[in-house]
2 protein chains.
Amino acid sequence: MTVRTEPAQHAGMRASNLALVLGEVARTSPVSRAQVAAHTGLTKSSVSGLVSDLISAGLVQESAPAATERGRPATALSLAPGGIAGLGLEVNVDYLAAVVTDLTGMPRYHQVVRRDNRGRDVDEVVADLVELARTAARSTASQALPLSGACVAVPGLTVEGAVVRTPNLGWARVDLADAVGEGTGLEVDLENEANLAALGEMWFGGHEHDGAPLRDFVHVSGEIGIGGGIVIGGEVFRGAHAGAGELGHVVVAADGPRCACGGHGCLERMAGQQEILARAQVATMADLTRACERGDQAALDAVADAGRHLGVALASVITLLDPTAIVLGGAFATLAPWLTPATAASISHHTGAAEPPRLLVSGLGSDAAVRGAAGTVVRRVIADPAAHLARRS
Amino acid sequence: MTVRTEPAQHAGMRASNLALVLGEVARTSPVSRAQVAAHTGLTKSSVSGLVSDLISAGLVQESAPAATERGRPATALSLAPGGIAGLGLEVNVDYLAAVVTDLTGMPRYHQVVRRDNRGRDVDEVVADLVELARTAARSTASQALPLSGACVAVPGLTVEGAVVRTPNLGWARVDLADAVGEGTGLEVDLENEANLAALGEMWFGGHEHDGAPLRDFVHVSGEIGIGGGIVIGGEVFRGAHAGAGELGHVVVAADGPRCACGGHGCLERMAGQQEILARAQVATMADLTRACERGDQAALDAVADAGRHLGVALASVITLLDPTAIVLGGAFATLAPWLTPATAASISHHTGAAEPPRLLVSGLGSDAAVRGAAGTVVRRVIADPAAHLARRS
DNA sequence: CACTTTAGTTCATGACTCGGACTATATGAT
DNA sequence: ATCATATAGTCCGAGTCATGAACTAAAGTG
């Protein structure tokens, strides 16, 4: 039922099959050419030709023949770790970060610069980010890894390479993609931090559902604000104006107080960090965690209450989107031991679903977004190797 | 970023281009071959060949040459009204319905049988539906219209041709697709009534956004229950287990009473027909409409209150899904004059969105789902004409 | 050491689309 | 009238790419 918009030509056929083969290699490596042929439905001869293109492009490598049961041993194919790499960057309220990931998803460079960026001059922060990116690029070059591009995680709404607004950072109309692109010479994309965290969690979080990686889930990131990333069929769901997934502003109390967003009774207003800290009567998240650990009742009550509100929001998410799992990330991951019991109870109190989604806890912490950003770059090459071949020829 | 799963072969290339050309003809008819070539990016010679296949398959027809500015006049192409047709069926709480639609979307047969199907023997109702389908098929045959298939709208959850559960009809595990298929000799699909109503509204409702048909919206159908259909990029969004879009069970009152679904404070429990009628102290929806028309305060209050609750649910839908519009259908369309002011106010009270989606009212009434069902069948042929060519050869 | 089994390559065949040459049919200028 | 120009559509040779069968390669088995 998909509306087709592009003509199918011979080049497109080859591009599609290159992607098919490379995707198979990425998913189940090591594999032989014969296995790829069997899994994809292509013939052995076609696969041979396609693979030789991918090898000469440096995206796939052959390794030592592995003996099979009988017959001629298969030459194993896998993604080439030295083929290309992707640069992930992140601007956030209290840190800047950079990560370089190779084709296999392995991190090859990692740097975090902690500093409160609220109130700082925007140009200064951008300059810091560009410097961080250039250092990462130099390190990558010294490893003889060509960078394919960069992706920046931003805690707010982005449209076509520009930051439109970031509620908790106070930015508006910043041409961040251009700035980083000029500073590094790379193609740069911008994307919402919550969406990238969700993707990072999918690719690198190690969660599984029925033996396969999660493909339909909602990722909740409790940073200063509460963000949400919706992943459907392995892809981020953005809505009509790239504003989808704003879990923090789902209504959890119809008669609730006014939120900074202009609405009333939003989840973020009722269960955001500010509210939890105030109710627990502590100053920082670290203090809150310590208070919970020593069994402080005010802290435990504040967290449980936030968990209940979170459950109300998630109940609506579950009935509307029917995901297979919910992943709690950011501060919610840290608070999970005291938060999730209340959340799970609240979800089941508010839904009648026969098959409730699983409630998982993120293992990546605050790295999820940068790693997702770097992953986005290399995944793009895996999804369309023909474009990469065309660029380097 | 899409994961490719099928090899691209020559036949697939042609199939894709047939769909591309037919889609162009469907979208902008009448068109000339030259225009199709310009819009699709295919060459004139390829388009000629593809069009001649589509004409000999009876899907496209040539009409009289229309004079252009200069040069040789173009032969106009359009969808053939006599090519194929789709049968849409609907089982609902208080009626059965059948509609036949030709390729152009024009209804060629329409029949509704009103009768309360609650409590009736399931086999009897199925037999009635099959009889309705056979009568429709006979009428279609007498018009020399070949039926391509059928689609049944069901007020509940369906999985692979079987009804899993219908809360308001009390059915469970009914192999409806098989029953109708055996009775008519057609390929039969089952689909949720709310989803089909949303599609019907998109294809036949006449709504527009920026000059183009709506492609990202949420359709709310207020029948006995409250259903929701989410359309994203022109396609129904189903979620991981086909359970997405259950707007009726979004939480609108965290401390609300228990709902029939097992949850608490669901929209349907707070603003469903049962609740509205009870609060307005009238017996039927017709009575309610009359009461509203003559300005009865209890009725007006009951409807406004439902509108407020609906607004809370829609506020969450808007922040989560970011649609371009909300379409109110079913009973909500009838009650729109008294309902929408409260709903719109409630939405803006609970969201801080800069660009609130438009709140539209359905023009199709309770026909939306059957027409959507019939449309689904013909759209499938338009989206994949190669499959149709293969079947008839 | 022949036989079987599996992996991967080679090459002729065929199904496409492309692109340019060609025909058809109109309008407008001379 | 006649020619130039513009546009629609067809025809056919050329090029691209997957297929499928025959072939080579490299192991294990009896």
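For these notes I count Ala, Val, Leu, Ile, Met, Phe, Trp, Tyr, Cys and Pro as nonpolar, Asp, Glu, Lys and Arg as charged, and the others, Gly among them, as polar. The model I am reading is a predicted one.

**Entry 1: DNA strand D**

I looked up what surrounds DNA strand D and found 29 residues, of which S45(A), S45(B), S48(B), G71(B) and R72(B) are the closest. The elements giving two or more residues to this surface are helix 1 (10–27) and helix 3 of chain A, together with helix 2 (33–40), helix 3 and strand 2 (74–79) of chain B. Helix 1 of chain A gives the most, with five residues. Sorted by class, the surface near DNA strand D has eight nonpolar, 14 polar and seven charged residues.

**Entry 2: DNA strand C**

I then turned to DNA strand C, which has 30 residues around it, with S45(A), S48(A), G71(A), R72(A) and S45(B) coming nearest. Here at least two residues each come from helix 2 (33–40), helix 3 (44–56) and strand 2 (74–79) of chain A, and from helix 1 (10–27) and helix 3 (44–56) of chain B. Which element gives the most to the surface near DNA strand C? I find that helix 1 of chain B does, with five residues. The classes near DNA strand C come out as nine nonpolar, 14 polar and seven charged.

**Entry 3: the contact between the chains**

I noted that the contact takes 55 residues from chain B and 56 residues from chain A. On the side of chain B that touches chain A, the elements giving two or more residues are helix 1, helix 10 (297–321), helix 12 (336–350) and helix 13 (368–383) of chain B. Helix 10 of chain B gives the most to that side, with seven residues, and the residues of the side divide into 23 nonpolar, 23 polar and nine charged.

I traced an open sheet of five strands in chain A, with the order 5-4-3-6-10 and mixed pairing. Its edge strands are strand 5 (107–114) and strand 10 (188–192) of chain A, each of which pairs on one side only. Neighbouring strands of this sheet are turned by 15 degrees against each other on average, direction ignored. Helix 13 (residues 368–383) of chain A packs on the sheet, where it touches strand 3, strand 4 (95–102), strand 6 and strand 10 of chain A, and its direction makes about 145 degrees with that of strand 3 of chain A. Strand 3 (residues 85–91) and strand 6 (residues 147–154) of chain A pair in the parallel sense over six bridges, and A85(A) stands opposite L147(A) in strand 6.

**Entry 4: helix 6 of chain A**

Is helix 6 of chain A mostly covered or uncovered? I find it mostly covered, with 12 of its 12 residues buried, including W203(A) and F204(A). Helix 6 (residues 193–204) reaches 16 Å from its first C-alpha to its last, close to the 16 Å expected at 1.5 Å a residue. G206(A), with a positive phi near 75 degrees, follows the helix.

**Entry 5: backbone details**

I checked the loop between helix 1 and helix 2 of chain A, where P30(A) has its place, and found that a cis peptide bond joins S29(A) and P30(A), with omega about 5 degrees. In chain B a cis peptide bond joins S29(B) and P30(B), with omega about 0 degrees.

A242(A) is not a glycine, although its phi is positive at about 60 degrees. This residue counts as partly exposed because it has 17 C-beta neighbours inside 10 Å.

Note on methods
Residues numbered from 1 in each chain as written. Chains lettered and ligands numbered in written order. Predicted model: local features only at pLDDT ≥ 70, side-chain atom pairs only at ≥ 80, totals over all residues. Near = placed C-beta within 6 Å. Helix = DSSP H or I, 4+ residues; strand = E, 2+ residues; numbered from the N terminus. Expected span 1.5 Å × (residues − 1). Buried ≥ 20, exposed ≤ 12 C-beta atoms within 10 Å, placed from the backbone. Contact = placed C-beta atoms within 7 Å. Pairing = 2+ DSSP bridges. Axes fitted to C-alpha atoms, helices over the stretch in contact; angles between N-to-C directions.
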